[in-house]
Amino acid sequence: MTGLSIAGGTVVTLDPPAAERRDLVLGGEPRRTLDASGCLVLPGLAIAHTHLYSALARGMPVPAEPPRSFREILEKVWWRLDAALDEKLLEASAELALLDAALSGVTAVIDHHESPSFIDGSLDVLARAARSAGVKAALCYGATDRHGAQGAREGLAECERAIRAGLPAMVGLHAGFTVSDETLRTAADLAKRTGAWLHVHVAEALCDAGSFERLEKADAVGPKTILVHGVHLSAAERERATSAGTWIVHNPRSNMQNAVGYADPKTLGPRVALGTDGMDADLFMEARVAHVRAREAYGPEGGIDAIALLASSGRLADLALGERPGDWIVLDYDPPTPLSAANLAGHVLFGLGVHHVRDVVVNGEIVVKNRQHVRLDAARIRARAREEAARLWRRMA
Ligand SMILES: [Zn+2]
């Protein structure tokens, strides 16, 4: 890390919540200074679950016959999209998603990937895009038997290849209901042999309600397991996941969009992190929706600790990718009411947004300055994405 001071701002930390006027000194000499006068300085945000492959979906045509269930949403939309991805499409999608992440104050993402027509080497494409954007990315291929046992083997082989190549890679499974017991066991074994994390959608909708037990039987539930959604985990399963030390990722906007039910994150234990599930990279919005959805569920005494959710997402990213002491973001936010550690949540939930993100620092390097990515040509990436998105939509038709 080369030397950088972020000077003149109010440094806000989430874990523990604190807000004080001080300078941040990162790395050694030679030292440059980033002027954060009148701004808030926050640790780099982390998305605990996303899909970099889905960024070209925005505005795409909806199915002629609207999906009537979660399974039909997958069959008519997402499984058509992932099957249509080739290397160029994936590259355009990842570049766009990671540019958006950086500009949104996100310095780390935990990605869950699928591109069944282009499996071998797909995680390299994502890793390259992450390096160019200056965003840290934990990667996995979500293996599935949807395309036969061979497809599942290729998915796990891609995870293993990436892990052995030294990429920050995990073992991925799409979801319990699309993998055989054999694939599930092989994935659990691979995670154990390599010491890697396991990242899997679980009980997102009723069609996947039995998956947690199958994961337990395969000895795949532990402190290095990331269960995504968990909407339909039973009370007993929530307790067992908690005592196993497992992480659960809450994606409230995605759950509402897919109408799969309420995950009730208050009952998911202490290791609940926040994901955007590929919608965008807006964690301020995700936290806000998590709060208002909890409020709707519990009434006026409800709501959710948004600070804790954002902090634990950062903690999970630190565990998966290594500590991130050099990752900070500068928000051009002049608090219109008093701001302190005690009322930070109110400012996060009802004030702060991605539009306040002015500068982003990763490992002490300035990646975004004055809302512009310093290395990437945003206009070129968006123009390419528009072209590739049109091609993707044609391939899906
Ligand atoms: Zn997902």
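How many bridges join β16 to strand β17 (residues 357–362)? Four bridges do, and the two strands run antiparallel. Welcome to this predicted model, in which local features need pLDDT of at least 70, side-chain atom pairs count only at pLDDT 80 or more, and totals for chains, interfaces and linings use all residues. Residues are numbered from 1 along each chain as its sequence is written, and side-chain values use heavy atoms, with hydrogens and water left out.

- Helices (H or I, at least four residues) and strands (E, at least two) are DSSP runs, numbered from the N terminus, and two strands pair if DSSP finds at least two bridges between them.
- From strand β16 (residues 328–331), Trp328 and Val330 point one way, while Ile329 and Leu331 point the other way.
- These four residues are all buried, a term for under 20% relative accessible area, with exposed meaning over 50% and partly exposed in between (1.4 Å probe, protein chains only).
- Strand β6 (residues 40–43) also pairs with β16, in the antiparallel sense and over four bridges.
- Trp328 stands opposite Pro43 of β6, and in β17 its bridge partner is Val361.

**Arg358 in β17**

- Arg358 lies in strand β17 and is buried, with a relative accessible area of 15%.

**The parallel sheet**

- Six strands form an open sheet in the order β10-β11-β12-β13-β14-β15, and the pairing is parallel.
- At its edges are β10 (142–143) and β15 (272–274), each of which pairs on one side only.
- Within the sheet, strand β12 (residues 198–202) and strand β13 (residues 225–229) run parallel and are joined by five bridges.
- Leu198 has Thr225 of β13 as its bridge partner.
- Helix α4 (residues 148–164) packs on the sheet, where it touches β10 and β11 (171–175), and its direction makes about 150° with that of β11.

**Helices α1 and α12**

- Helix α1 (residues 70–84) and helix α12 (residues 378–396) pack at an angle of about 115°, with their axes 9 Å apart; axes are lines fitted to C-alpha atoms, for helices over the stretch in contact, and angles run from 0 to 180 degrees between N-to-C directions.
- That angle makes α1 roughly perpendicular to α12, since 65 to 115 degrees counts as roughly perpendicular, under 35 as roughly parallel, over 145 as roughly antiparallel and the rest as oblique.
- The contact is made by Val77, Arg80, Leu81 and Ala84 of α1 together with Leu392, Arg395 and Met396 of α12.

Notes:
Contact means heavy atoms within 4.5 Å.
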